[in-house]
Amino acid sequence: MADLHIQINRDKGGIAGQIASELRDSIRGGRLTPGTRLPATRDLATDLQVSRGVVVEAYEQLVAEGFLISRVGVGTQVTPKTAPRAAPRQKTPPRPKPVRRASSAPVCGPFYGHRPTSPDLSHFPRERWLAAVRHVLTTVPSEAFDYGDPGGVPELREELAGYLRRVRAADVRPENLVIVGGVAQGLSLVLHVLSRQRPVRLAVEDPTSHRQAPLLRRAGAQLVPVPVDEEGLDVRKLSGDAVLVTPAHQYPTGVVLSPPRRAALMEWAYAGNRVILEDDYDAEFRFDRDPVGCLQGLAPDRVVLSGSVSKALAPGLRLGWVAAPPDLAEAVRRARGELDLGSPVVEQYALAHFLRTGGYDKHLRRMRREYRRRRDALVRALAEELPEVRVKGIDAGLHVYLELPAGWDELRAARVAQELGLSAEPVGPMRESAGPAAVVVGFARLPAHKALDAVRGLKVRMSGQNVD
């Protein structure tokens, strides 16, 4: 049994991940040779003064990755076929190095993200995702990597259907799901199908994401702005053939579509045989309220549900889904085949494994706690330093909506916030009608200990003073 030298930083957290990383480095570097037997989990836990469950988690992670094997009666040992040079360090994607800053840099540095809805990519579960990919590459038959169903890998659609039923109260079956390259592509495909016979008059929330408008128009939609108030989309002012809504957490205002408005929206859809496009972009992250089920679960024959892993994991994965009524789902699947033959297969199988083994749920729980901590720090700093700013939309999601005091210019406020390292955008360009000066600010990439300095910097700069 090996006597292990493992260093852990108890202040850093993530002890299981640290132990796994130390062991992984020792195997790769040859310090632990193939066949070396490791201490029992209880013994190593005693040595490190951690709980046994933490060591068990670390061992299980490395077993899943192929670095260790565990057999009854033999214990846990370094996989015999894993020689020190079998997985050279240079082939492993390097972790991003921290950016060094000159002393004249802004208080927070302009590196916390470019969009208010962006997640913190430094928390992407690299090790667990790597384990999922390793599992796929060692278990999936070669034939699975051929051209497949443009609607997506069946295993992923099966897992997603169960997840959406369990977490989002959706009414969806695997055959009604189409795997796409994110919500943007999903919406484009749906509108492409709907507009084949004639242009679609699409009602959109006002304000709404200014990035979506060109995409929607290119897909064949004629946009009809509909105002949003404290209860969400004003259904009384709806017109058009279809509507695009963000009911769980409206972007950018952060309001939740109220129950009466939900009922009225359903009536509007059924009365005119209309389609509701539901963008469920950040519904997994809720903090101060109970979960809000998706609209699709209320009217699966009228609602097209779009979602992705862009906020939960990373936008760069380009993995999303569309859940639609059967006829429309089939048309979207065919359109996907005509466009580019479908999504990357390995990533689909990896996500299916990640969902099936509970890794996705565990990551979401972890990030929900972290994002709440960051949100609380930002909201507290705003209350202390800028009480005249009205903070809205904080119950869920990754951004806050700030109505600015009289005399503040939102373009300047957004620019100053960006210079201080905040993910901020002015709301004016998102509006068709007039509204109060406001900015939307993301907090997912703002460390909690940086929030107060950032808000103080905003206060000083917006008051016309100079930063020391």
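Predicted model: local features only at pLDDT ≥ 70, side-chain atom pairs only at ≥ 80, totals over all residues.
1. Most peptide bonds are trans, and most residues other than glycine have a negative phi. The first two points below concern departures from the former pattern, and the third concerns the latter.

2. The peptide bond that runs from D206 to P207 is cis, its omega being near 10 degrees, and P207 itself sits in the loop that lies between β4 (200-206) and α7 (212-218).

3. Y251 and P252 are likewise joined by a cis peptide bond, for which omega is about 10 degrees; P252 belongs to the loop between β7 (242-245) and α8 (259-271).

4. Positive phi values occur at N273, where phi is near 55 degrees, and at L341, where phi is near 70 degrees, and neither residue is a glycine. N273 is placed in the loop between α8 and β8 (275-279), and because its relative accessibility is 59%, above the 50% cut-off, N273 counts as exposed. L341, for its part, is found in the loop between α9 (326-339) and α10 (345-356).

5. Helix α12 (residues 410-419) packs with helix α13 (residues 451-462) at an angle of about 135 degrees, and their axes are 10 Å apart; α12 is therefore oblique to α13. The crossing of these two helices, α12 and α13, is right-handed.

6. On the α12 side, the contact is made by R412, A413, V416, A417 and E419, while α13 contributes L458, R461 and M462. Sorted by type, the residues of this contact between α12 and α13 comprise five nonpolar and three charged ones, with no polar residue among them.

Methods: Residues numbered from 1 in each chain as written. Heavy atoms only, no water. Helix = DSSP H or I, 4+ residues; strand = E, 2+ residues; numbered from the N terminus. Buried < 20%, exposed > 50% of the residue type's maximum accessible area, 1.4 Å probe, protein only. Axes fitted to C-alpha atoms, helices over the stretch in contact; angles between N-to-C directions. Parallel < 35°, antiparallel > 145°, perpendicular 65-115°, else oblique. Left-handed = near helix turned anticlockwise from the far one by under 90°. Contact = heavy atoms within 4.5 Å. Nonpolar A, V, L, I, M, F, W, Y, C, P; charged D, E, K, R; others polar.
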